[in-house]
Amino acid sequence: MLPSAARPLPQPHPAVALMARETRVREGRVARTLGGITLHDDSWVLRGSEFLMRASGEIGLHYRRGEGITLERPDGTDPRTIALWLNGTLYAAIAALNGLYPIHASAIAHRGRVYAFTGAAGAGKSTLVAALGRAGFAQFCDDTLILDISGDGPPVCLPGHKRLKLWPEGVALAGVEPGDLVAADYHKHFVKPAGGTVGEPLPLAGLFYLEQGERPEAAALAGGDRIERLQDDHYTAELWRQAAGQTRAERFASLAALARRIAMQRFARPFDPARFAEGIDFIAAHIEGTSA
Amino acid sequence: MSLPLTKDPTAFAETRIDDEIVVMNLASGDFFSLQDTGAAIWDLIDGTRDRAAVLAALARDYAAGDADLAAELDAFLADLRGSGLLSGI
C-alpha cells in the first residue's frame, strides 16, 4: 500500500474533466463571421466543431473543440455579465459539441440520484428547486442539466455549473433569502440553496415535465409522448440537433434510444401562488416515496 | 387478389416503445404513435397481404364487427397514402 502522501488523487468523471478542459477561457479577438454567416448582436451560429456567439456591448465568444473559449470584451465590462454569457448557451453548446446532451432543466439530488424538472421559461423550474431546498433537498443544477449519455442505463448527470437564480417573485414564492443581483441590468437574484449542493456526477432518476393542473399530481409518460417531449423547442435541443449533424432518421433513433433510458413523468400543480406549497409538499413526498 | 399493401421504407423511420409503435414521416419530420388496431394494421402491412387479407387477419384478432374494422382500416390506409408512407398505390 502506498503511503498516504503518495496516493493518487481521485480522478474526476471523464465528462466533468472534459467540460473543465473545454471551457477554459483566453482573451483575444473574436470574428463576427463563421461558416459564411455574419452575426448581429445576441445571436449565435454552430458549424462543424465551432460555435460563435455575439452579445450586445461588443462581447464576442468563440469556441472550437479542443481549443476552448476565446473571449473578446471591452475594458470595464461587468464580470457578472461575462459570467452569464460563459455559463449560458455557450456552455450548453460546448457540451453538445462534445457528445453530451444538454436539457433545459433544474434539478435536485436525493439518495444518490438526480430528479430534474423541465418546462418552458417561466414554468417554475428554479423556484421549485429553491423551495425543495427549504424542504431539505440538495440542489444539483439550475436551468441547464448536462447528461453523459455514453453508457447504458440511466444517463449520468453532470453537477451544475451555475448558481441558483430567481426573479423577485420566485424569491417570495419559495420563501428564500435574496442574495446579490445577478447583474446590474438583469434583476434576478442569486439564492443560496437552503438544502446545500451536490458536486459529483449522479445517475438521473427521473425527469418531470412541469404543467399546470387543478391539483398536484404526477403521472408516468409513455410511448411516443416520451420521444416527443425530448424533442422540445428549447435552444438546448436545437444545439444538440446541430452539433450531432444527424439526419431526421438518425435523430429519431437517438431520441427514441434516450427516451427508453429516462423515466419521465408529468408533474401538474396549480399555478395559484396561494397553493404553491401544495405542489412542493406533493413532489417532496413523491420523490421521497420513489427513492425509498 | 389485389395488389399487396406495401410500406415505403424510404419514407419513414419507426421504433417501438412502451407497447406503442412510433413512426416518423421523414419528409415532414412529424411523427405519430400507433396502439391497438393501428399498431396491428401497421404490422400486417408487410408486402404480402392485400386489403382483404389485412381485414381478415384483423377480424380474427378483434371482436369488433367487420364493418367497423373495414372503416377503421380504410381510414388508416387513407392516412398512410396521404402521408406518402405506402408505396405502389
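This is a predicted model: local features need pLDDT of at least 70, side-chain atom pairs count only at pLDDT 80 or more; totals for chains, interfaces and linings use all residues.
Let me start with Ala109(A), which is found in strand S8, residues 101–110 of chain A. Is Ala109(A) buried or exposed? Ala109(A) is buried, because 25 other C-beta atoms lie within 10 Å, and the cut-off for a buried residue is 20 or more. Setting aside residues up to four places away in sequence, Ala109(A) touches Val114(A), Ala138(A), Phe140(A), Val198(A) and Leu202(A). As for distance, Ala109(A) and Arg134(A) are 25 residues apart along the chain, and their C-alpha atoms are separated by 13 Å.

One of those partners, Val114(A), leads us to the nonpolar core. The largest such core has 85 residues. Which residues have the most contacts inside it? They are Leu90(A), Ala93(A), Ala107(A), Val114(A), Ala116(A) and Cys157(A). The helix that gives the most to this core is H3 of chain A, residues 89–97, with 8 residues. Val114(A) itself, again not counting residues up to four places away in sequence, touches Ala107(A), Ala109(A), Phe140(A), Cys157(A), Leu202(A), Pro203(A), Leu204(A) and Ala205(A).

In general, two packed helices are described by the angle between their axes and the distance between the axes. Helix H1 of chain B covers residues 36–44 and helix H2 of chain B covers residues 51–61; their axes come within 10 Å and cross at roughly 140°. H1(B) is therefore oblique to H2(B). The crossing of H1(B) past H2(B) is right-handed. Which residues meet here? From H1(B) we have Thr37(B), Ala40(B), Ile41(B) and Leu44(B), and from H2(B) we have Val54(B), Ala57(B), Leu58(B) and Asp61(B). By class, this contact has 6 nonpolar, 1 polar and 1 charged residues.

Now to the place where the two chains meet. On this side, 12 residues of chain A are in contact with 11 residues of chain B. Helix H6 (224–230) and helix H8 (248–261) of chain A each supply at least two residues of the side of chain A that touches chain B. The largest share of that side, 7 residues, comes from H8(A). How do the residues of this side of chain A divide by class? There are 7 nonpolar, 2 polar and 3 charged.

I close with two loop residues of chain A. Gly175(A) has its place in the loop between helix H5 (168–174) and strand S14 (181–183). Because Gly175(A) has 13 C-beta neighbours inside 10 Å, it counts as partly exposed. Leaving aside neighbours within four places in sequence, Gly175(A) is in contact with Ala131(A) and Arg134(A). The C-alpha atoms of Gly175(A) and Arg111(A), 64 residues apart along the chain, are separated by 24 Å.

The other loop residue, Pro216(A), is found between strand S16 (202–212) and strand S17 (217–220) of chain A. Pro216(A) has 18 C-beta neighbours inside 10 Å and so counts as partly exposed. Beyond neighbours within four places in sequence, its contacts are Ala268(A), Arg269(A), Glu278(A), Gly279(A) and Phe282(A). Finally, Pro216(A) and Gln11(A) are 205 residues apart in sequence and 42 Å apart in space, C-alpha to C-alpha.

Technical notes
Residues are numbered from 1 along each chain as its sequence is written. Chains are lettered from A and ligands numbered from 1 in the order in which they are written. Two residues are in contact if their C-beta atoms, placed from the backbone, lie within 7 Å. Helices (H or I, at least four residues) and strands (E, at least two) are DSSP runs, numbered from the N terminus. Ala, Val, Leu, Ile, Met, Phe, Trp, Tyr, Cys and Pro count as nonpolar, Asp, Glu, Lys and Arg as charged, and the others, Gly among them, as polar. A nonpolar core is a set of buried Ala, Val, Leu, Ile, Met, Phe, Trp, Tyr and Cys residues joined through C-beta atoms within 7 Å. A residue is buried if 20 or more other C-beta atoms lie within 10 Å of its own, exposed if 12 or fewer, and partly exposed in between; C-beta atoms are placed from the backbone. Axes are lines fitted to C-alpha atoms, for helices over the stretch in contact, and angles run from 0 to 180 degrees between N-to-C directions. Angles under 35 degrees count as roughly parallel, over 145 as roughly antiparallel, 65 to 115 as roughly perpendicular and the rest as oblique. A crossing is left-handed if the near helix is turned anticlockwise from the far one by less than a right angle, and right-handed if clockwise.
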